[in-house]
Amino acid sequence: MKKILFAASEGVPFIKTGGLADVVGSLPKYIDKEYFDVRVFIPKYTCMKQEMKDKLKYVTHFYMDFNWQNVYVGVLEAEDAGLHYYFIDNESYFGGFKPYGDDPRYEIEKYAYFCKAVLSALPLLNFQPDLIHCHDWQTGLIPVYLKERFHGGDFYRNMKSVITIHNLKFQGKWDVKTVQSITGLPEYYFTSDKLEAYKDANLLKGGIVFADAVTTVSDTYAEEIKTPFYGEGLDGLLRARSHDLRGIVNGIDYGEFNPETDKNIVKAYNAVNFRKEKVKNKRALQEELGLRVDDKKMMIGLVSRLTDQKGLDLIAYVMDELCQDDIQFVVLGTGEERYENMFRHFDWKYGDKVSANIYYSDALSHKIYAACDAYLMPSLFEPCGLSQLIALRYGTVPIVRETGGLKDTVQPYNEYESTGTGFSFTNYNAHEMLNTIRYAEHIYYDRKREWNKIVDRAMATDYSWKVSAGKYQEMYDWLIG
């Protein structure tokens, strides 16, 4: 059997702040157990829910040289849904009320410690992976350490590494002198062909340079990040590594997101009976949020972090115009203050049409996916995006900008060939977005049978993890040989 170790800063069901945790918690379950033994390594945060902490069992502990000190490393383990998890325990690094802190220098020290601790712990666990699958900048030093100090030992000699970029914007950067001191890496590792970028040390760059392969979470994003606009300063390096770079689109957990069995929604439905049953969820949501109860009114949803990346400035620009249309607009999420206040303002101004829910609720998100007719996602950039995949699954037609994973997963509607699973626009332009929304309104109100066929095709797409897991397995086979 081939042994694979996932290393990441978060993973469902133990700790989650975003989509990364869903990937780390879901993907390993779908990799073929007959050929691969997959295990997961994450930090043991003190802010984990107590019921999750109760599952952990002590395995071992040791001390390692790190940042000029002899530092404690505890190792725990747990089983969940047939998957084996390991945890690195050190309360001085992983204490606090949330997984990530606000001090970038300390974050770098914390995850440098995690990278070194994971590699140091492996011989004690009786688990020798053929390949370590690293996720984002927090694990960027694993490929570096693997080639630098661990490579000499027999145990590590043939170990391969892969790094997956979930969002290139976050790279783990700090000044060279400090990072060199923390990591203990030799000076010659901090040159422009290794860890140095624009006079800073860059942990993600180290991972990209030293990993045996690089993946990202959609085909289009893999192409986009080789250009200056999307490349966040690393486009040259990514072009240089383009032979080892591939895009594999994320999946979603079809057990959790299933309109037929979803406990959060009022009326279960499926691809056969959605014409009759889906609307009952809309009615219930209109009542719950105090919107006018009207089966025929087109309802558009948006569940998101409220940040620049998500294209919310486009919405702000045309919201007054959009609210002249015969629609309802439901928003759920938190983020930058100006966007929170912008949606609150439009809720106040168009109370019967706009419902702004500026908090986060998993249950309400499911209700929005099930109740809405269309789902808006006009992102400036989107490495993969999970919301549009959930929307497709629930027969809620996505309206997206053609970027990254949105372009790969939503096929634009073509009225002449009667194909497509959603609506899309190309340029980052508010009125181009508004015209696309209005075109969708026209199909919804004036060509209802066509609209229902779009829903049929949307619900027939397969973005379960099974498909993606197959592609990851191919890559593991190619690397391990």
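Me: Helices (H or I, at least four residues) and strands (E, at least two) are DSSP runs, numbered from the N terminus. With those names in hand, where does Lys16 lie?

Reply: Lys16 sits in the loop between strand 1 and helix 1. Keep in mind that this is a predicted model, in which local features need pLDDT of at least 70, side-chain atom pairs count only at pLDDT 80 or more, and totals for chains, interfaces and linings use all residues. Residues are numbered from 1 along each chain as its sequence is written, and side-chain values use heavy atoms, with hydrogens and water left out.

Me: Is Lys16 called buried, exposed or partly exposed, and what makes it so?

Reply: Buried means under 20% relative accessible area, exposed over 50% and partly exposed in between, worked out with a 1.4 Å probe on protein chains only. Lys16 has 48%, so it counts as partly exposed.

Me: What does Lys16 touch, and what does UniProt list Lys16 for?

Reply: Leaving aside residues up to four places away in sequence, Lys16 touches Glu10, Ala21 and Asp22, where contact means heavy atoms within 4.5 Å. The unreviewed UniProt entry lists Lys16 under "binding site"; such annotations may be inferred rather than shown by experiment.

Me: How many aromatic pairs turn up in the whole structure?

Reply: The search finds 33. Rings of Phe, Tyr and Trp (its six-membered ring) pair if their centres lie within 6.5 Å; planes under 30 degrees apart count as stacked, over 60 as edge-to-face and the rest as tilted.

Me: Why is the pair of Phe14 and Tyr85 called edge-to-face?

Reply: Their ring centres are 4.7 Å apart and their planes stand at 65°, so the pair passes on distance and lands in the edge-to-face class. Phe14 is in the loop between strand 1 (2-7) and helix 1 (19-30), while Tyr85 is in strand 5 (residues 83-89), so the pair ties together parts that are 71 residues apart in sequence. Phe14 and Tyr85 are both buried.

Me: What makes Tyr63 and Tyr72 a pair, and of which kind?

Reply: The centres are 5.8 Å apart and the planes at 70°, so this pair is edge-to-face too. Tyr72 has a relative accessible area of 30%, so it is partly exposed.

Me: How do you know that Arg393 lies over the face of Tyr254?

Reply: A charge sits over a ring if NZ of Lys or CZ of Arg is within 6 Å of the ring centre and within 35 degrees of the ring normal. Arg393 lies over the face of Tyr254, at 3.9 Å from the ring centre.

Me: What makes strand 8 and strand 9 edge strands?

Reply: They belong to an open sheet of 3 strands in the order 8-10-9, with antiparallel pairing. Strand 8 (173-175) and strand 9 (196-197) each have a single partner strand, so one side of each is left without a neighbour in the sheet.

Me: How do you know that strand 8 pairs with strand 10?

Reply: Two strands pair if DSSP finds at least two bridges between them. Here 3 bridges join strand 8 to strand 10 (residues 200-202), so they pair. In strand 10, Asn202 is the bridge partner of Lys173.

Me: Which strands make up the sheet of 6?

Reply: That open sheet runs in the order 15-14-13-16-17-18, with parallel pairing. Its edge strands are strand 15 (354-357) and strand 18 (423-425), each pairing on one side only.
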